Amino acid sequence: MKKIITLVFVSVLGGLLTLGGYKLFIENETQSLAVKQSSEFPVFVPTSNTVNTLNTTSSLTPNFVEAADKSIHSVVHVKNTAIVNTPLSMRDYFYGRTSQRAQVGTGSGVIISPTGYIITNNHVIKNANEISITLNNNKSYMAELIGTDEITDIALLKIEADEDLPFMAFGDSDNAKIGEWVLAVGNPFNLNSTVTAGIISAKSRDLSGQNMQSFIQTDAAVNPGNSGGALVNTNGDLIGINTAISSQTGSYVGYSFAVPSNIARKIVNDIMEYGNVQNGILGVSGGALNSEAAEKLEVNSTEGFYVSEVQEGTGAEKAGIRSGDIIRRIDNVEINKFSDLSGYLKTKSPDDVVNVTLLRDGDEEILPVTLLKPSIYTLPTIGLIKNASEKELKRNKTEYGVKINKLDENYKSSWNKNGVEEGSIITKINGKKLYSIDDAQDAIKTRAVNEPLQIEVINKEGEKMVYHFR
């Protein structure tokens, strides 16, 4: 019995010692380890910032609502009616009908003043006998043709309304950037007030292959009927007039082209002030540089416009530009191809001064150049003509006329057989006396559609001969 009591006592004492040891050593160590571990967690600091998924998305996605609302009421539907000759059928002969028919074409236009001036494409209203304008509120007006420029494909119309009209302000197309969002607003397929979106894909595009154009290229959907409509930026500013598409089907397949607003505005201002377009020329010819051209011309630069020839008596010659110079900039506009050069110059007028930055023998120079009126004009079936000097007129015994500078290669042999050669004097076009190439240009522009072309020329024998062309 005594042994059992002793065993129980020893067991209780051992348990107490074990419990005491655990409390003294093990539990304290565990607590210290736990505190040490918790101190490594990051500290949470409350803030007032909240994540708003809707706001984040809207800040990254462009919003076209305001731009569309500003522009849609200023874009109009243009309908032109032209009288055309069509082949006669047996029924026409039987009923005594004429070959003339009324042909209706449609397009778009943009109101650019509250008094009713409207800009559109020349091809939209070409040969029209009657032009009708329908506003976004469905009101219709008859329009007057104020003037056109066939080269840039711009026309100016005017309607008389009882109240001020919503209009669009011209933006600065030079500031438009590749990749910038734009809207095309117009009436494709007679679907009035259609808005499409895209980005600017390229600038200074020339589709003619003759360095005559300088379009803004976009991937906004443009179709037949959009011609003459607005290309606007996200602020709702007019930065272009939609003009052309590149397509094998006649409908949109990915790219569209617009006349830059700076060119369109200049054309409109000239038509309003002078009745025609006043172009200012630099007076150089040449081509764009690339690796192949640089190697052939033995120059180090692969960017810029290489001047191969400077025209006599032009601003470029007077300013000291030489053959072999490389034009890099005009004012603040980078020049990499001829359409960059011609596009910017179309926004300028005679007597304007531009700063030409060029490379000459590896050194950069800036030359101020005064732009002059064009001294050469391309006359159909003839070729290049220019103003004649008093000495040249006197030698041909005439007081007026312009000189044939270079005959068109397609007609040169025929002209030569008739005694007309380079240096011969053209005195009249359709009975109008020519004192300058401006007179020749006006005579061609004012000629009726079906009116034959009559050209009076002094041949090498000193005889005045009249030639007729249809």
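Two residues are in contact when heavy atoms of theirs lie within 4.5 Å. The structure is a predicted model, in which local features need pLDDT of at least 70 and side-chain atom pairs count only at pLDDT 80 or more, while totals for chains, interfaces and linings use all residues. Residues are numbered from 1 along each chain as its sequence is written, and side-chain values use heavy atoms, with hydrogens and water left out.

**Exercise 1. Describe the chain as a whole.**

Step 1. Among the contacts in the chain with a separation of 6 or more, 58% are accounted for by residues 24 or more positions apart.

Step 2. Counting helices (H or I, at least four residues) and strands (E, at least two) as DSSP runs numbered from the N terminus, the chain has twelve helices and 26 strands.

Step 3. Of the 470 residues in the chain, 39% are buried, where buried means under 20% relative accessible area with a 1.4 Å probe and protein chains only.

**Exercise 2. Locate the largest nonpolar core and trace the surroundings of Ile119.**

Step 1. A nonpolar core is a set of buried Ala, Val, Leu, Ile, Met, Phe, Trp, Tyr and Cys residues joined through side-chain atoms within 4.5 Å. The largest one has 25 residues, and Val110, Ile112, Ile119, Ile154, Ala230, Leu238 and Ile241 have the most contacts inside it.

Step 2. Elements that each supply at least two residues of this core include strand E7 (154-158), strand E12 (238-245) and H6, and H6 gives the largest share, five residues.

Step 3. Leaving aside residues up to four places away in sequence, Ile119 touches Gly109, Val110, Ile112, Ile154, Ala155, Phe170, Gly228, Ile241, Ala264 and Val268.

Step 4. Another core, of 20 residues, lies apart from the largest one and has Tyr377, Leu379, Ile382 and Leu453 among its members.

**Exercise 3. Work out how helix H12 (residues 437-445) is placed.**

Step 1. The buried residues of H12 are Ile437, Asp439, Ala440, Ala443 and Ile444.

Step 2. Seen down the axis of H12, these residues fall within an arc of 155°, so they line one face of the helix; the arc is that of the directions from the helix axis to the C-beta atoms.

Step 3. The strands against which the buried residues of H12 pack include strand E20 (376-379), strand E22 (402-407) and strand E25 (453-458).

Terms used: Buried means under 20% relative accessible area, exposed over 50%, partly exposed in between (1.4 Å probe, protein chains only).
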